[in-house]
Amino acid sequence: MSTETEQAVWTALGRVQDPEIMRPITELGMVQSVAVDDAGRAEVSILLTISGCPAARRIEADVLAATRGAPGIVEAAVEVGVMTPEQRRAFTERVRGDRASRPQQFGPESLTRVIAVTSGKGGVGKSSLTAGLAVAMAAQGLTVGLVDADVFGFSIPGILGLSRDGRTEQPTRVDDMILPPVAHGVKTISIGMFLGDADPRSTAVSWRGPMLHRTIEQFLRDVWFGDLDVLLLDLPPGTGDIAISVGQLLPQAEVLVVTTPQEAAADVAVRSALVARQTGQRVIGVVENMAGLAQADGTVLDVFGSGGGRLVSERLSAPAETGAPPEEVPLLGSVPLSPAFRAAGDRGEPAVLTDPEDPAAAELLRVARRIIDLGRGLAGRSLGIAPR
Ligand SMILES: Nc1ncnc2c1ncn2[C@@H]1O[C@H](COP(=O)(O)OP(=O)(O)OP(=O)(O)O)[C@@H](O)[C@H]1O
């Protein structure tokens, strides 16, 4: 037995992350033992929260690779066990840390930037843009969560590749903690993940306001996102119950408005932003989607007209009728129509990763950078600094 080599294996295992919690498995108490004999044969025993958890195979493979790569190791074997109820309790306490007692993870004291994406009309590409922005921000090094609050038309699991052939990936449950699946670096939760065996393609969700409110509340309370830099919410189109619930549950949320270049879409986009403002949220910008489609001869075809994004930005930046001071709401970008962008979303492989040169993907990457640069407004938040 060599303590030094064992230490080297522990160090290597410290670089293996639990793919759902995104923290080293050594920190989470998931490595039970490491033994190395004089010939350099390592035996590592790991503990998973539940048997057959979706991340199990990945963790086992990562542990094996890390062990094999440790200096002095010639052969490695991994034994996989399941935590006892006591070990699981200790695990959830470790994961939750001092935040276990908080009723909601994203209350006013949270350092996470919450951005709700809204649109007036449906079908303007709000979900595609929200998913693309989330993936782009994760690719730029931020820790990102995404709540698909579009309970009637949830499409996020499909766009992010979490839903295939009518089956949607399920979150892992560890006692009362729900761990969201991670897609392209984004911790993602959607009502589509809670429909059991029902095929989300043919399942209609028809809930009334209070039920919707409770669902969003539960997403924000019981789904364990951990420390996030940004939480994006894909809201249903319009000015309905969910938008109002989000305003009540997350008054510090910032709001991003998606609209098309069509003037007719502008009125209803402005209305959805005004509802958000009424609940105290700050509208940080407008993104125009489905702008001019580039043609083979170099010309641009404005399928949905032009100017809608600029119009919404100008109207939201105008002085309010109430006399409240005007707030500048910039047009953050204009994402063109792109068949490749659409096809990538249909395949569950976001174009911002797989085809960053595509004009729609490239513009969305620029929008993501602009949003990050805008920084989060600190107004009205506790900075956690006590006066001496
Ligand atoms: N820039 C774009 N170019 C080409 N197709 C796009 C673009 N943006 C979105 N789409 C496509 O338009 C359709 C609608 O997009 P999406 O589902 O994101 O809209 P939505 O506003 O979230 O709709 P709803 O709110 O009604 O669920 C999808 O098929 C999507 O792939």
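Start by selecting His184, which sits in the loop between strand 10 (182–183) and strand 11 (186–190). Helices (H or I, at least four residues) and strands (E, at least two) are DSSP runs, numbered from the N terminus. Residue numbers count from 1 along each chain as its sequence is written. What you have open is a predicted model, in which local features need pLDDT of at least 70 and side-chain atom pairs count only at pLDDT 80 or more, while totals for chains, interfaces and linings use all residues.

**Two residues with a positive phi**

Stay on His184 for a moment. Its phi is positive, about 50°, although it is not a glycine. Most residues other than glycine have a negative phi. Is His184 buried or exposed? His184 is buried, because 21 other C-beta atoms lie within 10 Å. The rule is this: a residue is buried if 20 or more other C-beta atoms lie within 10 Å of its own, exposed if 12 or fewer, and partly exposed in between, with C-beta atoms placed from the backbone.

Next, select Met290 in strand 14. Met290 is not a glycine either, and its phi is near 65°, a positive value. With 25 other C-beta atoms within 10 Å, Met290 is buried.

**The whole chain**

Now zoom out and colour by secondary structure: there are 12 helices and 17 strands in the chain. Of its 388 residues, 44% count as buried.

Colour residues 3–99 as domain 1 and residues 113–374 as domain 2; these bounds come from an automatic or database domain assignment. The C-alpha centres of the two domains are 36 Å apart. Where they touch, domain 1 gives 13 residues and domain 2 gives 10 residues. Two residues are in contact if their C-beta atoms, placed from the backbone, lie within 7 Å. On the side of domain 1 that touches domain 2, 9 residues are nonpolar, 2 are polar and 2 are charged. In this sorting, Ala, Val, Leu, Ile, Met, Phe, Trp, Tyr, Cys and Pro count as nonpolar, Asp, Glu, Lys and Arg as charged, and the others, Gly among them, as polar.

**A loop stop**

Select Gln104, in the loop between helix 3 (85–96) and strand 4 (113–119). Gln104 counts as partly exposed, because it has 14 C-beta neighbours inside 10 Å. Which residues is Gln104 in contact with, leaving aside its neighbours within four places in sequence? They are Leu220 and Arg221. Now draw a distance line from Gln104 to Lys121: the two are 17 residues apart in sequence and 30 Å apart in space, C-alpha to C-alpha.

**Into the core**

Select Ala116, Leu133, Ala134, Leu232, Val246 and Leu364. These have the most contacts inside the largest nonpolar core, which has 89 residues. A nonpolar core is a set of buried Ala, Val, Leu, Ile, Met, Phe, Trp, Tyr and Cys residues joined through C-beta atoms within 7 Å. Helix 4 gives this core its largest share, 8 residues. At least three residues come from each of domain 1 and domain 2.

Keep Leu133 highlighted. Not counting residues up to four places away in sequence, Leu133 touches Leu232, Leu364, Val367, Ala368 and Ile371. Another core, of 20 residues, lies apart from the one you have been viewing, and Val9, Met30, Val34 and Ala42 are among its members.

**Along helix 12**

Select residues 359–374, the 16 residues of helix 12. At 1.5 Å times one less than its number of residues, this helix should span 22 Å, and its end C-alpha atoms are 23 Å apart, which agrees. Its buried residues are Ala360, Ala361, Glu363, Leu364, Leu365, Val367, Ala368 and Ile371. They pack against helix 4 (126–139), strand 14 (282–291), strand 17 (331–336), helix 10 (339–347) and helix 11 (351–354).

Arg369 is also in helix 12. Arg369 is partly exposed, because 15 other C-beta atoms lie within 10 Å. Just after the helix, Gly375 takes a positive phi of about 70°.

**Last stop: the ligand**

How many residues surround the ligand? There are 21, and the closest are Gly122, Gly125, Ser127, Ser128 and Gly153. A residue belongs here if its C-beta atom, placed from the backbone, lies within 6 Å of the molecule. Helix 4, strand 14 and helix 10 each supply at least two residues of this shell. Sorted by class, the shell has 7 nonpolar, 11 polar and 3 charged residues.
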